[in-house]
Structures are given as structure tokens and as C-alpha cells.
Amino acid sequence: MSKIKVGIIGTGGISHCHMDGYKALPDRVEVIAVCDIDEEKVKAYAEKYNVPRWYTDYNEMMAKEDLDCVSVCTWNAAHKGATIAALRGGANVICEKPMAMNTAEAEEMRAVAKETGKLLQVGFVRRFGQDADLIRKYYEDGLTGDIYYGKATYLRKDGCPGGWFGDKSYSGGGPLIDLGVHVIDLSRYLAGSPKPVTVFGVTYKNIGCNRAAGSETAWGGPDVKSGYEYSVEDFASALIRFDNGFTLSVEASFNLNIDSDRGTIELFGTKAGINAANCELYTAMAGKYVKINPYGDNSFQFAEIFRAEIASFVDASVGAAPCRATAEDGVWLMKILDAIYESAETGKSVDITPIETI
Ligand SMILES: NC(=O)c1ccc[n+]([C@@H]2O[C@H](COP(=O)([O-])OP(=O)(O)OC[C@H]3O[C@@H](n4cnc5c(N)ncnc54)[C@H](O)[C@@H]3O)[C@@H](O)[C@H]2O)c1
């Protein structure tokens, strides 16, 4: 059987994790073309991974190559254009998170996937962790009962990645769209994928980018790299209500006066609560309040989740398995993020309109 032919658009940091995922499937997949607007970078990348052809224009790559699958790993502002070009060029696409800059772009991408009959998966990689699998199983086996409240945080004390991540015209937003998206999506997924209905959110820009740049605690590079403005929030918080009665409180920061970075998801169900960090369950049994702690390390492993995500995408692209992070999931997330930013702007809660059936 011939191998699945893959292209990668955007050859920066995260593209290496996609490449690693494809390289882990040597009998089924070959990466035959890569593209980046930075010629030096794409050349070096093609050389490093023995990719036969490289491009600086994704339209040219899609015109010249016969690709079955494409990974879109560009900065957020290029997700829409690259994804639509790849779909129209006949490829199935996995697009990194956040799906797009806003809901309108995400809807357009979903419509093109529908029109072309191609798969569009969104890079919600945290869904592919062993922790997510176990917690989802708790829920499906009825151990938690209905999950009615959740608390999710993704907080960095001094952790703006710098560069385009802090420039709204490239990123679409700050820690909310970059980090919050992971824990909002995972919480929604673990609570049975309900639909969001109302959002109240706040954002703050009080600290700025990398105030301790150069210190041992600083995460990113200097304040503003050439050509980039620092124009995103430092911190965002929101309360999101879903149609099945689930409510999620979320907090995300690049910079916050806090003791240490933290990323947590706690879910509270009618039968048991869960701490996602160690997959612990909290409930009452035999007249006692108990903590159930599964054996082994059940936390997610960074390299493993990308391998699982890419393997699942490849399976879904040939119809061997259902897609586990659909374009529709991506649009719901963009609707939530847009509503949080709108609510922060207006000071009022924002109702979320349903996704159109297409
Ligand atoms: N899933 C995760 O955990 C995770 C982690 C980090 C980043 N990401 C996402 O991955 C994406 C890339 O992030 P990164 O950290 O790799 O950024 P990066 O800056 O390291 O790489 C982005 C690359 O895209 C290239 N690019 C931009 N526009 C392009 C275009 N039109 N055509 C071809 N190439 C283009 C840039 O030149 C750059 O090399 C972002 O959407 C980010 O949110 C996801």
C-alpha cells in the first residue's frame, strides 16, 4: 500500500512535534514537502528531516504536490489562509490551536472543509493525554455523575513567549487565546462536550510583557522583538455556562503576581469530583469521604500527546477512526473566546449563538 503523503506549513517550534508524530508512523506516512515564509528556516528544516521538497508559498506547494494530509503550524493569523489552501488543494488538514483569529474565520474554514469533503481537525492536543482518556472514562462509566461545575487555570507568573505571541495582529489575543483555549477545550471535552450558552469575562493589561526578562524566572525573550507590538492582555478570567447546566470558571495569564506557574483542572460532579492533575476522584463511600488515587503516573506526557494526536489524525484522514477534535469543536471554542473578549470590553455577559448546520 502506498504511503500517506504529508506536507507541513509553518516550520517553527510546534511543527517539530507534528514531524515527530509523523516520523513515529514510518510504515504509513511520509512527509514529502514543507513550507515556511522564512526561506532559511524551511531549508534547514527540510535538510534536518530529509524532506525532499521545500516551499516559501503554500499555494505553490499545494499546486505542485499531491498531498493527502497537511499540518498547519503557522502563527494564528495565517491559520485560515493556509488551511483553506490545503483543503482546496485536496488535503485533509490538522490546524494548530487556536483554530483561527476569531469565529468568522473559523466558520469559513469549517464551511470549506464541508464543501470540499475533506477532514479538518483542530489541534486540541490535550484531548490525547492519558489523563484525558482516564477522566473521560470516569465520566462515561458514570463514576462522576453529571459534571456541573469546573475550575480551570493556566497561569504563568512571567511567561509571555514574546515575538508574535504578544502582538494581537498575529495572535488574535494573549493568554486567553493561547493558553486558556487548551484548558477550556479540555474541560468542555471532559464534561461531555456540552454547548456554551453564556459567557461573562474580564481581561487585564496591567503588567506588560516579560517584566523580568533576563531573570531566571522569565519565560520569553525581550519585551518586543523587531516589528512586533505588545498589544494583548496579561490576564483573563471568565465564567462560561453550558447548555447541560455545566459552568466553567477559567483563568489564564502570561504575567500575574503569583507564587508559581500553575495549570489545573478540577471538575465537580453529582457523584464525584476530579482533580485532573493526578486523576484523583473525591466521593463518599461506606459512610466515609474518600480520595481515590489511581496507581501509576497518569499525567499527560508532552511528546506522547502529539504522537497520539497525529496518529489519530492520520487514522481519521483515511476513515479508519472518527475525528476526535472536529472543526465544530474549534468553532465552539472560537465562539467562547470571542464572547469572553466582547464581555471584557462591554462589561456585560454575552450570549453565544448556536452553530449553523451546514
Ligand atoms: N498545541 C500546543 O501545545 C501548541 C504549543 C505551541 C504553539 N502552538 C500553536 O502552533 C502555532 C505555531 O506556534 P509556534 O510556537 O510553532 O510558532 P513559531 O513562531 O515558532 O512558528 C510559526 C512559523 O510559521 C511561519 N509562518 C507564518 N506565516 C506563514 C505562512 N503564511 N506560510 C508559511 N509559514 C508561515 C513563521 O515563519 C514561523 O516559522 C500557533 O498557532 C500556536 O498557537 C500549539
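Trainee: How far is an oxygen atom of the ligand from an N or O atom in the side chain of His-182?
Mentor: The separation is 3.3 Å in this predicted model, and a polar contact is a pair of N or O atoms within 3.5 Å; within protein, one must be able to donate a hydrogen and the other to accept it, and residues adjacent in sequence count only if both atoms are side-chain atoms.

Trainee: How much of the ligand's accessible area does the protein cover?
Mentor: On its own the ligand has 850 Å² of accessible area, and the protein covers 86% of that; such areas come from the Shrake-Rupley method with a 1.4 Å probe, and for residues only the protein chains shown count as cover.

Trainee: What are the distances for Lys-41 and Asn-76?
Mentor: For Lys-41, a side-chain N or O atom is 2.7 Å from an oxygen atom of the ligand. For Asn-76, a polar side-chain atom lies 2.6 Å from a ligand oxygen.

Trainee: Which residues come nearest to the ligand?
Mentor: Of the 24 residues around the ligand (a heavy atom within 4 Å), Gly-13, Asp-36, Lys-41, Asn-76 and Trp-164 come nearest.

Trainee: Now the domains: which residues belong to each?
Mentor: Domain 1 covers 4-126 + 306-321 and domain 2 covers 130-299, with bounds from an automatic or database domain assignment.

Trainee: How many salt bridges are there between domain 1 and domain 2?
Mentor: The count is 2, a salt bridge being a side-chain nitrogen of Lys or Arg within 4 Å of a carboxyl oxygen of Asp or Glu. Lys-97 forms a salt bridge with Asp-178, their closest N and O atoms being 3.1 Å apart.

Definitions and conventions: Residues are numbered from 1 along each chain as its sequence is written. This is a predicted model: local features need pLDDT of at least 70, side-chain atom pairs count only at pLDDT 80 or more; totals for chains, interfaces and linings use all residues. Side-chain values use heavy atoms; hydrogens and water are left out.
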